[in-house]
Amino acid sequence: MWIMAARRILIGIFLIWAVSAFIFLITQILPGDAAELILGQTATDASLEALREKLGLNQAWYTQYLNWIYGLVTGDLGVSVAGGSTIADLIKFRIGNTLFVGGIVAVISIPLSLSLGLTAAMMPGSMIDRVITATTLGLIAVPDFFVAIFLILILAVGLGWFPSVSYLRGNEGFLKSLYVLTLPIFTLVLVVSAQMTRMTRAGILNVMSSPYIEMAILKGIPRRTIILRHALLNSIGPIINVIALNLAYLVSGVVIMETIFAYPGLAKLMVDGVQTRDIPLVQACGMIFCTTFVVLILIADLATIVSNPRLRHPK
Amino acid sequence: MIKNKYIELQKTKLLNGTIGRRKFMMSVLAAGVALPSALSFANHAAASTAKKGGSIKTAFNLHGPDDTLDPCMLTSDTDYARGRAHYNSLIQLSDDIVPQPELASSFGANADATEWSFNIRKDVVFHDGSKLTADDVIYSMRRHMGADSTSVAKGLFSVIKEWKKVGPYEVKAICETGYSDLPAILGEKHFKIVKDGTTDFINPVGTGPYKLESMRPGIGSVHVRNEDYWREGANFDSIELFGITDSISRVSALLSGDADMIISIPPNSLQQIESTEGIDLISTPSGSYMGIGMHSEKEYGSNPDFVMAMKLLQRRERIVKTLLKGHGTVGNDNPINSAYGVDFCSDLPMNAYDPDRAKALLKKSGITSAVMEAAEVSPGAVEMSLLLQRECQKIGFDLNVKKVPTDGYWSAVWQKTPMHTTAWNMRPTASIMLDMAYHPDAPWSDTFWKDERMRDLLNKVKGETDPKNRHALQCEMQKIVTENAPVVIPAHSSYLDAKSSKIHGVPKLPLGALGGGEWVEFAWLES
Amino acid sequence: MKNELEKDVPETDAYEELHDVPAKSRLRLSWIGKFCLGIVIFWIIIALFGSYLAPYHEAHFIEEDLTGNEFDDPSFMSPTRQVLLGTDYIGRDVLSRIMWGARTTIGISFVATILAYIVGIFLGVTAAVAGKWTDAILSRSIEVVLSFPSIMLGLITIAAFGSSIPILIVLSGLIYAASVFRIARALSLDIIVQDFVEVTRARGEGLWWIITREVLPNIAMPLATDFGIRLIFIILFISSLSFLGLGVQPPISDWGSMVRENLQGLANGFSGGAIATIAPALAIASLTIAINIIIDDISAHDGGSLSGKMV
């Protein structure tokens, strides 16, 4: 088992390198460059050339790649091409917001969805199951921006309970931040829990139809015991995977929430980077997202190995 | 007595923003007040009732990690407002776009406007306590010149040969040709005065009404009043400028009190704004426009019949009514409109909607289908293209509208494809506008349209000082553009912003959102 | 029917009624399942014939009322006899656009989901069964793609290649193929370590045999549960792209884009066009919920044996 885990970790490290190459590659297909974007409508050939020179956009791609990798390894993320601030500065504040929101959402939604999923799976077809299934479905079936605007209109504009935008200066305390971020957290909890609940339920029901559970049923073990003792443990692999994917989503995929609630997070930063062709910024954000993902999946895989006795003792 | 009462009434209106400075001037002039005293009325009215104190939050639309305080690189309304808070210019523009001295105490030109001299105020200090001198001005101006300049406004200085220090408080601009528009140009947002030798624009030193407390690119900035400011103004204790990209969220923030002022209201949400107590809409008529350009050397733009057909298929009133909700004026394929004042030629015949003639012209043109790129370069630009597409469909012509992202639009699509949307902000004068986009050699021409007569006329108008002759020249140019340029301009749009009713004194300079950013110094908050 | 049964049975004995015990009967649907089937069939009919049945063209601007008087401002109109669901933000008939949009939305998402499944299952099962280097290379490459946030991938791809329906299909199909891959592989791994597969291997059956007879039937049900969800995700992914201005090209209507472009209507209230954004949102919800309930229904009734029918 330990060898397997160690191998998996080594693979993770290799993956992070592969990811860096992929990110570099994909940023190269973006048409246009930062100089064109900055000068926009007022660009002339001469001013473009001058600006490219100043921003260091004239280097060959391999020079850029090597410089970038060197920077990454030495912990220097570089300077934002468009604005001139260091990328570390741009990221520092936002990563806090992103992790704060993601963390709170995870803390609420993981236990919530696991228990809801379990409850539903214990009594498939019951009223409770139907209610849970229908609500979660309804929630994922509507675009998240629709849900978000709906909540803003009711809870912020209509009732005035919460701020409609989650603009943070960075000097707020924990409770104040939580209050300011109530609406995005609420929206994300709804969206994320809905999906995790469904996957938990599906994962358990799937295991319930395997032969050894049938055996357990025939032996007369109560359904509740079967689920908690046998099914849950065996469906933990896929469930952990879903949790990992959702956590990664909370870090990197919430650009629409960040846009609507105007809270500064990493995803919006990366979108801005793409739109201003701020390649170093896009690459830095990309690295953070991909590394987060790789690490989460690594953890999920390790958990799967640990939880599945068959994988634990490969023949 | 009645007269005084009327003037008082107009004053109140001016102060609470129901009328602009220009309208105020006109009404008090009409009431029989002499011009100089009318001017001082306006200034006095503003200065005497402005209250100090309070903090406000203003939300902008475009913002990102490229937010900057480098005057050469300002690109968004957020940047402009920050520039206005942090720095001053030599010249400021009044609401009717007349150049007024700001850091320059006086300015003037020689007879043919080839040499401009500026005297600099002696009582101005930077935020770090040092005094403003000619060196700072020369340094700031030279940053927009030369081969290695990266200024976005570089083109506006292309006829300037050099900026020369004449004395410790006097500078001169030497131009290659007459440049009567120079003072108005210097009132544009990029020509801010920075301290001599500044290269670090993360925390630069300015002379402006507010000092920078903190700034996070792409998020927001806080500015606190500069207690040593060299003149009245700077009414708020502090201002916070931040970004909310999404327009619905921006409006919601205003309605829920999370922002006190917001820019760029989508016309569709006017109903929501207007029906809310305590919120005022600020609609500033301007000369900014959206349109469609056809590259003059490519298939469509080189075909006068096709160009004319596109002009005749415009539902101009419909665009103003439906897309702009009445906050704009019908365009006549003329980049100049009434917002430019006397320079506007109002008596040109209309390129009115005429599908039958358009159909005949399209048949004659030999073009059977067309493709155009559309981006949301101005609110309503894509929808304007869809309307045209529908009109084409009605007369059996296939116009394929390809929606493309706004980012990268100006480098990848604009000026390159045969037919595409375009948008222009209003410029301080009609001749600057025409010179930038319709001169045969204009690098920023939408269509590379070359009309030699335009060259002559533009050269003439730069040196012409007689108002009557100037107007005649303007009329001839606008007529040529309207009839011949391969550009469709269905409408000019107003700037639509909104504020809490507690904020007063927002200027109406039509060169950008919220009075071209001038609110930063002049607006104030009711206690 | 099932509910009634369960009510009467004491809980400790409930396992006797377990529906995940393989049933031998053919497909049965509860009344709610039948109702949902009706909804799906309804939308399929609309997708096929909506453009012929719709009162207006999707790009048509309503300009005058039925008596020929021109509207002052036809945008965000409330429902009338002329426009049953009102008009959208620039004055087009919402009902017609939903009917036309059915084809775009259902077409794109179905094709993309099926693409995602074909690619994802093929690669996932291959990786699991073949193992070793094939598995390593496939898994690592997929992880690299998957690690990149999908919306960013969409943003960059569309910035580079423009937005067209084929690009949207391939883009969303491949992005979601990556996650189908992971699930298919994980499920297959669970299967192939089980004794009956090992017995098959020992018997000397080929890869193909193991895949089609042992692996696919056993992973089909959880994957099928996923189909509905993934379909929603693709519809929502495309609507997220349209939130960023990168979705389906106008004037083609698409439900997700309709929700986005008329979102202001929600803020304006019911007299100001809320229906223009609620109606397409309901359309998306009704379709996706119906599909998912049907799938749940089938799996609840037939459990493992469903797999036989799905493959």
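Predicted model: local features only at pLDDT ≥ 70, side-chain atom pairs only at ≥ 80, totals over all residues.
Residues are numbered from 1 along each chain as its sequence is written, and chains are lettered from A and ligands numbered from 1 in the order in which they are written.

E12(B) and E19(B) pair in the antiparallel sense over six bridges, pairing being assigned if DSSP finds at least two bridges between two strands; helices (H or I, at least four residues) and strands (E, at least two) are DSSP runs, numbered from the N terminus. Within E19(B), B:Ser500 is the bridge partner of B:Ile279. Both strands belong to an open sheet of seven strands with mixed pairing, in the order E8-E9-E10-E1-E11-E19-E12 (chain B), whose edge strands, E8 (210–216) and E12 (279–284) of chain B, each pair on one side only.

The contact between chains B and C takes 25 residues from chain B and 23 residues from chain C, two residues being in contact if their C-beta atoms, placed from the backbone, lie within 7 Å. On the side of chain B that touches chain C, H12(B) gives the most, with seven residues.

Chain C contains 12 helices and zero strands. Of its 311 residues, 55% count as buried (20 or more other C-beta atoms within 10 Å of the residue's own, C-beta atoms being placed from the backbone).

Technical notes
Buried ≥ 20, exposed ≤ 12 C-beta atoms within 10 Å, placed from the backbone.
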